[in-house]
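Good morning, and thank you for making time for this item. I would ask you to keep the sequence and the structure in view while I speak.

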Amino acid sequence: MSPVTTSPSPLVVAVVYPDLLGTYGDGGNGLVLARRAAWRGLPVELIEAHSDRSLPMADIYCIGGGEDGPQVRAAQSLVAEATLGRAVEQGAVVLGVCAGFQILGRTFPDAAGHPHPGLGLLDVHTGKGTGRRAVGELVAITAPTAPRTADGKALPTLTGFENHSGVTTLGPGAQVLAQVVTGTGNGGGDGTEGAWSGRVVGTYLHGPVLARNTALADLLIGWATGVGGSSAALAPLDDTEELALRRERLAAVGEPGRGRLSRLLAARRS
Amino acid sequence: MTVAVRPSHRARSGRAAVAVEALRLSNWLSRTLGRGSGTVAGGRVGLALDPGLLVDLTRDRKVALVSGTNGKTTTTALMVAALTGDDGRSVATNVTGANMPAGHAAALAGAPAGDDAVLEVDEGYLGRLVQETRPRVVVLLNLSRDQLDRIAEVRMLADRWRVALSPAIGAGATGRGPVVVANADDPLVVWAAGTAPDVVWVGAGQVWHKDAVGCPACGGVIGFGPGGGWACERCDFARPTRHAWLEGTGTDGTELVTAGDGRHRIDLRLPGWFNAANAAMVAVAAPLMGDTEDDGGGRGAAVSPAAALARMAAVREVAGRFASAERHGRPLRLLLAKNPAGWTAIFDLLDEGGPPVAPTVLSVNARTADGLDTSWLWDVPFERLAGRVVVATGDRRHDLAVRLRYAEVPCSVVADPVEAVDRCLLAPGDGDRSGAGEKTGRIDVLANYTAFAELRCRL
């Protein structure tokens, strides 16, 4: 990935530590954000921020999934250099996926289950699950507490692929992102998936999540550019391909659980 | 492939004998009933009756194991070619895809007694195969992300290999461990082979570095140099001294250089630098299968690297991979790529011809054998296809189409893979520019595992 365009004050999108947290294709989230901003004529700079250099200041940070050892190293480095916390205080947007989500929380486990300190940007704790690793398609309906799109609508159903053994529980400072229809999600038994507060969002969804859920991508761009707060929402894009992918994925997992999905959707509408 | 001119395997124990007979019966039944080639089904029956069957089936054989994320099927086929002598002596090997113990048992039970065996091994089963087959040679090609829903973490795999090849375990019952022929350019392979007592290091190249940036020894950052050299910036983990390496890539020919006795030109019918690398590994590994006390050219004599390379030059395709097909008079090139490292290598191959470029069909499935998660598509540099006519197909064509949209590579989406090829036939090919509108040029078809199998069947 190379910088999409450059200009005096571009929207800076940083993919955090792709060398450590680039295992699950989540670097694609950075590309999705950069392209969707550029296609709307916004100047964008996409940065791959490697772990051997200090983390640059950015408007949106994307932290992806990774293996247990690299996750611990990434967290240690991010906690030590404290850039991310400072950037969030100044209004930066952060998306954490899987291991990245866990790092955003207060504690997360290493391969042996020992707890390590996270960044504390989300009020969540992650422990090691005792059951089977959660691997498969994940469908989750955005919770009533989830952030709203720029024009005040609920975010559409989230679709993605989860692959983790963590159990994440939310503290009072974090809001639920979505309720699981198919899959495991946070895994704490409450059927929740992901968490958010302020401009920090965490999720277990790979896919990458922003390629499969472009409304969430646009929400983050809106936050970062200030468009979300005004009535002038981002210009719509031709998302024919993304919508076809969403339809195909939701139909693929909908077969066995269609009744439940319809019921939940109906309950939500009423 | 084997020719049963000599007595087939004779089991030592009654239990093994029963297991082998049951295995053969199941294979026969499976084939007769048309339920597949039967190899895996029979192997499962045999292993259920005698879990130690592989020990018995390899007791009288010299065994070579080939493992790695990419290239193991091709390398196995090249190794079989290199070891198949002019005396017509056969080599036992597993059929494509059957690279777990059931497939190994079936292949060995059907092979004449005493034949050497070359087995392709799924990365997750290497430890068990090393213990049970007591190989003479183990070839380790490369390690990178693949099927993350099944294999979880590539580093964990490297750690498991490291344990399996350590002297305490790798030596097995005989006390004599295998010679490991390992790719020195891949840090994860070097880590995996690092405890083995007897390693021949081959600089076979590795373009994919994204899974090996973090040092497996200390967690530091590994720096990669332009010539394939690498070293951890914090500890002393670095590329080991190579016994052999590749020099020159692409059109002007590739040579295998050995530290001792010089240069061998690698001329293959199989395309791509990665196949030259596979051949280099075999040119080093195949001679190690010979009995060193007898190098007079008789039975058991070691093949020379030059002779091994000459035999490998005759291999045209491996299980349809790199095969040329034809559709409505237009040549098709069928290419298999399963993971980011593999797709990147295939893109190198596409670029080798230079412009103008061929219309390209991409077919991706996400069935069990492919890995269920398609997120890896975002690690593949599809941007490199810019300027080509591209058609996306396969079960996961919509994932491909979205990935290509963000790569800013326009594509059309066609549900049926063969119709996708036909759509490409309408596009101008690379041989057309000089002609008067007649479309004659080649079409490249890239597919992952099950998508490739379907296309190979139907085209």
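Leaving aside its neighbours within four places in sequence, with which residues is Asp59(A) in contact? Before I answer, please note that this is a predicted model. The contacts of Asp59(A) beyond those neighbours are Leu11(A), Val12(A), Val13(A), Ala92(A), Val93(A) and Ala224(A). Asp59(A) itself sits in the loop that joins strand S2 (44-49) to strand S3 (60-63) of chain A. Is this residue buried or exposed? Asp59(A) counts as buried, because it has 24 C-beta neighbours inside 10 Å, and the cut-off for that class is 20 or more. One further pair deserves mention here: Asp59(A) and Pro10(A) are separated by 49 residues in sequence, while their C-alpha atoms are 9.2 Å apart in space.

Let me set that residue in the context of its chain. Chain A has 7 helices and 13 strands. Of its 270 residues, 54% count as buried. If we take the contacts in chain A with a separation of 6 or more, 73% of them join residues 24 or more positions apart.

Ala224(A), one of the contacts of Asp59(A), belongs to helix H6 (residues 214-225) of chain A. This helix has 12 residues and spans 16 Å from its first C-alpha to its last, close to the 16 Å expected at 1.5 Å a residue. How many residues of H6(A) are buried? The helix is mostly covered, with 10 of its 12 residues buried. Among them are Leu216(A), Leu219(A), Leu220(A), Ile221(A) and Trp223(A), and also Asp218(A) and Ala224(A). Just after H6(A), Gly226(A) adopts a positive phi of about 80°.

I turn now to chain B, which is divided into domain 1 (60-312) and domain 2 (324-458). The contact between the two domains draws 17 residues from domain 1 and 14 residues from domain 2 of chain B. On the domain 1 side, H7 and helix H11 (273-285) of chain B each supply at least two residues, and H7(B) gives the most, with 3 residues. By class, that side comprises 6 nonpolar, 7 polar and 4 charged residues.

S1(B) pairs in the parallel sense with strand S3 (residues 117-120) of chain B over 4 bridges, where Val63(B) stands opposite Ala117(B). S1(B) also pairs in the parallel sense with strand S4 (residues 137-140) of chain B, again over 4 bridges, and there Leu65(B) faces Val138(B).

Next comes an open sheet of chain B, with 6 strands in the order S12-S13-S17-S14-S15-S16 and mixed pairing. Why is one side of S12(B) and of S16(B) left without a neighbour in the sheet? Strand S12 (324-327) and strand S16 (411-413) of chain B stand at the edges and have a single partner strand each, so one side of each has no neighbour there. From one strand to the next, the twist averages 25°. Inside the sheet, strand S14 (residues 360-363) and strand S17 (residues 443-447) of chain B pair in the parallel sense over 4 bridges, with Leu362(B) opposite Leu446(B). Helix H16 (residues 449-458) of chain B packs on the sheet and touches strand S13 (330-336), S14 and S17 of chain B; its direction makes about 135° with that of S17(B). H14(B) lies across S14, strand S15 (390-393) and S16 of chain B, at about 145° to S15(B).

Finally, the two chains together. Their contact takes 23 residues from chain B and 30 residues from chain A. On the chain B side, the elements that give two or more residues are helix H7 (148-151) and helix H14 (397-406). H14(B) gives the most, with 6 residues. That side has 10 nonpolar, 4 polar and 9 charged residues.

Technical notes
Residues numbered from 1 in each chain as written. Chains lettered and ligands numbered in written order. Predicted model: local features only at pLDDT ≥ 70, side-chain atom pairs only at ≥ 80, totals over all residues. Contact = placed C-beta atoms within 7 Å. Nonpolar A, V, L, I, M, F, W, Y, C, P; charged D, E, K, R; others polar. Domains from an automatic or database assignment. Pairing = 2+ DSSP bridges. Axes fitted to C-alpha atoms, helices over the stretch in contact; angles between N-to-C directions. Expected span 1.5 Å × (residues − 1).
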